[in-house]
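Please read it with the sequence and the structure side by side.

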Amino acid sequence: MHNITFLDQGTFPPSITFTPPSSRHQWQSYTATTPQQTIQHLQDTTIAITNKVVINEVILSQCPTLQYIGVAATGFNIVDIAACKKRNIVVANVTDYATHSAAEHVFMLMLALSKQLKGYSQALAAGQWQQSDQFCFFLDGGIHTLRGKTLGLIGTGAIAMATAALAQAFGMQVIFYSPSGRKAIGDKTCVSLPVLLKHSDVVSVHCPLTSDTKQLINAQTLKLMKPSALLINTARGCVVDEEAVIAALQQHQLAGAGLDVLPHEPPTANSQAMQALKHPGLIITPHVAWASQTAMQALANQLMHKIDDYINGKAVVNLAL
């Protein structure tokens, strides 16, 4: 019989259902697990589920019963894959569950920025339309359409491709830069990062965080972008230099930024990003691009289906091979 432990089920809302395996087992769920509690919570566990709780070499060395780690996300950098391989521990993640949720979030940010939604909401709250002599009220900078604009996508994965499809429906031109070195996407040749930044009206980040992509968007690369351009990041916070983006907004070197991810999550109240929240060209959402109800339930279903397959001796894609 397997002992299954979910280390941080509180990272999902109560509306998401994790259907336990049909075979006999023991289930233990924790709302959260601190680093100091991880070893204790994993004692006698054979199957662990983690979303953000780190499982490293030190922890694995003290949890000898562990056979399988289910990562309740696509990114698996929280698990020491090499140490799992050495111990023959299976590691499985969840893939392709949030493709459309994330792509739609990109466009929500893109539309909100191009239409100055935040600025107009702030103006109404301040009574500026109510005090206008005309039937409408205009902010400086204007409202812009997406049709005819160029969207530059940094990354070529499933979310980038879903975003590209939406962009084409809006009548936008799409260009790609591949940090992994892909030369073409279908019939489209990938361009260099400087070319993408120079020609894009909107730049959207869709690449994983690696040593090569850390702070890929920084003070120097931001200078290559049009002052009228928008920057969207729904990938990983550290791909973008948060301080450089805020400085570019304040110095009018960038028209708008939509950030769903930050280098430190959750941010502190006195972080530069939180201090800049009143800027009308800055929209920050709390790492929820992936988190539509449909996407989260799809994640839960896939996560538990893989565990069920493992228990029943069926093949599971093992990241620790």
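In this predicted model, helices H4 and H6 cross in a right-handed sense. Two packed helices are described by the angle between their axes and the distance between the axes.

**Helix packing**

- Sorted by class, the residues in the contact of H4 with H6 are nine nonpolar, three polar and one charged.
- Helix H5, which covers residues 117–125, has Lys118, Gly119, Tyr120 and Ala123 as its buried residues, and these buried residues pack against H4 and S13.
- After H5 comes Gly127, which has a positive phi near 85 degrees.

**Aromatic residues**

- A search of the whole structure finds seven aromatic pairs, and one of these joins Phe12 and Phe18 in an edge-to-face arrangement, with 5.2 Å from centre to centre and 75 degrees between the planes.
- Both Phe12 and Phe18 are buried.
- Tyr97 and Trp290 also form an edge-to-face pair, with their centres 6.4 Å apart and their planes at 85 degrees, and this pair links distant parts of the chain, the two residues being 193 residues apart.
- Tyr97 sits in the loop between strand S5 (90–92) and helix H4 (99–114), whereas Trp290 sits in the loop between S13 and H11.
- Tyr97 counts as buried because its relative accessibility is 15%, and buried means under 20%.
- Phe6, Phe12, Phe18, Tyr97 and Trp290 together form one aromatic cluster.

**Backbone features in loops**

- Most residues other than glycine have a negative phi, and most peptide bonds are trans.
- Asp44, although it is not a glycine, has a positive phi of about 70 degrees, and this residue is found in the loop between helix H1 (38–41) and strand S3 (47–50).
- Asp44 counts as exposed because its relative accessibility is 53%, and exposed means over 50%.
- His287, another residue other than glycine, has a positive phi near 55 degrees, and it lies in the loop between strand S13 (282–284) and helix H11 (293–311).
- With a relative accessibility of 23%, His287 counts as partly exposed.
- The peptide bond that joins Glu265 and Pro266 is cis, with an omega of about -5 degrees, and Pro266 lies in the loop between strand S12 (256–259) and helix H10 (272–275).

**Contacts of a strand residue**

- Gln173 belongs to strand S7, which covers residues 173–177, and when residues up to four places away in sequence are not counted, Gln173 touches Lys149, Thr150 and Leu151.
- Between Gln173 and Thr150 the separation in sequence is 23 residues, while their C-alpha atoms are 4.6 Å apart in space.

Methods
Residues are numbered from 1 along each chain as its sequence is written. This is a predicted model: local features need pLDDT of at least 70, side-chain atom pairs count only at pLDDT 80 or more; totals for chains, interfaces and linings use all residues. Side-chain values use heavy atoms; hydrogens and water are left out. Helices (H or I, at least four residues) and strands (E, at least two) are DSSP runs, numbered from the N terminus. Buried means under 20% relative accessible area, exposed over 50%, partly exposed in between (1.4 Å probe, protein chains only). Rings of Phe, Tyr and Trp (its six-membered ring) pair if their centres lie within 6.5 Å; planes under 30 degrees apart count as stacked, over 60 as edge-to-face and the rest as tilted. Contact means heavy atoms within 4.5 Å. A crossing is left-handed if the near helix is turned anticlockwise from the far one by less than a right angle, and right-handed if clockwise. Ala, Val, Leu, Ile, Met, Phe, Trp, Tyr, Cys and Pro count as nonpolar, Asp, Glu, Lys and Arg as charged, and the others, Gly among them, as polar.
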